[in-house]
Amino acid sequence: MGDQKVREESFLFTSESVSEGHPDKVCDRISDAVVDTFLTHDPEARVAVETLATTNRIVLAGEVRGPAEVNAELLEQVARHAVKDIGYEQDGFHWKTMEINNYIHEQSADIAVGVDAAGNKDEGAGDQGIMFGYACRETETLMPAPIFFAHSILRSLAEARHSGAEPGLGPDAKSQVTLEYRNEQPVRATSIVVSTQHAGNLDQDTVREIVRPHVVNVLPEGWMCDEAEFYVNPTGRFVIGGPDGDAGLTGRKIIVDTYGGAAPHGGGAFSGKDPTKVDRSAAYAARYLAKNVVAAGLADRCTIQLSYAIGVAKPLSVYINTHGTGKVDEVRLPALLSQSMDLSPRGIREHLGLNKPIYARTAAYGHFGRAPDPDGGFSWERTDLAASLKAAFGA
């Protein structure tokens, strides 16, 4: 029993992130740029597009329903611009010279008839599935600390690369952060791993010192791990990277996209899907509700699960778990949250304003824990329900 108590009071937890230039993230970015392009021309467009990236080649595939002006030529321009914006101008992967194969086609009529609104039938979910949302008090963004810091390290490196401050860095990078927890709270990093693509004339020690301030400045003061546990490019060399070094696919980094393994994931990826797809929109809604529960002070941790059936508007279930940290009657929460927000696909889209070209920016560094944008981006990070939730419990 004593050993069990020790394990509960002190443990290590690790999360990883990957940069915008990681092969899978290149694909997520292109797929979401396609979504944004369709929504720009028609907010009601339907998009489910996958991308594959390999040496100097991009392959697009999927199903869409939208205006004729969003044609193959325009989508090729969109893909090239996305790769250029990430920063790939390498012999093995260059935005200008890469070959693009486009296999995007019209959406299935069988799916359309089940999902579209008609007569007295409201718009149904675009697929069956389960979606999870999570929030906790480990960071100001109400995100788990390991994934928050893993993202922050890579965003800092990317900003330095884009600004020209660190011209020796390449677009492809990964990070991994292990934190020690005591009594359920993170207290320090025990190991940090950063692998970043770099120019061929830089040695491992030089890259290590380029990376170091981006780690130290992101972590809270005094949290830096021991020097022996600070790993930078452990293989010693990382010059060939991106899709030239490893093929990429849309939707392979779903844990990076969400909570770094600190919370459940329903299994569905986000990128490349318009907001009628509950894989995306309901996961955003679940995060929104969980964040507002924690922001309202009703719990220190909150997990929410929603489930849907294809063609059916209402969620089949709403599950809430506050992990023993709840400060109110948890039994009342599902009904209260369902009253606070219409959880049908249409209701979610309207409440969060999701029928906008706001998705390419979500493709790297996490869909959650980001600041809401003035144009409606990351609207699911708002805490505008917190006051009414407090009031409902007389808090």
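## Lining of the second largest cavity

Six nonpolar, three polar and one charged residue make up the lining of the second largest cavity, where Ala, Val, Leu, Ile, Met, Phe, Trp, Tyr, Cys and Pro count as nonpolar, Asp, Glu, Lys and Arg as charged, and the others, Gly among them, as polar. The model is predicted, so that local features need pLDDT of at least 70 and side-chain atom pairs count only at pLDDT 80 or more, while totals for chains, interfaces and linings use all residues. Residues are numbered from 1 along each chain as its sequence is written, and side-chain values use heavy atoms, with hydrogens and water left out.

This cavity holds about 60 Å³ of space, and its lining includes Ser19, Leu154, Arg161, Pro171 and Thr196. Helix H5 (145–163) and strand S8 (169–182) each contribute at least two of the lining residues; helices (H or I, at least four residues) and strands (E, at least two) are DSSP runs, numbered from the N terminus.

## Cavity search

Across the whole structure, the search finds two cavities of 30 Å³ or more. A cavity is a set of points on a 1 Å grid over the protein atoms alone where a 1.4 Å probe fits but cannot get out, and lining residues have an atom within 4 Å of a point. Grid points are joined across faces, edges and corners, and a volume is the space filled by probe spheres set on the points.

## The largest cavity

The largest cavity has a volume of about 70 Å³ and is lined by 13 residues, with Met131, Phe132, His265, Gly266 and Ala283 nearest its centre. Strand S7 (129–136) and helix H8 (278–295) each supply at least two residues of this lining, and S7 gives the most, with three. By class, the lining of the largest cavity comprises seven nonpolar, five polar and one charged residue.

Key:
1 Å grid on protein atoms, 1.4 Å probe; cavity = no way out; pocket = protein on both sides within 12 Å on 5 of 7 lines; lining within 4 Å.
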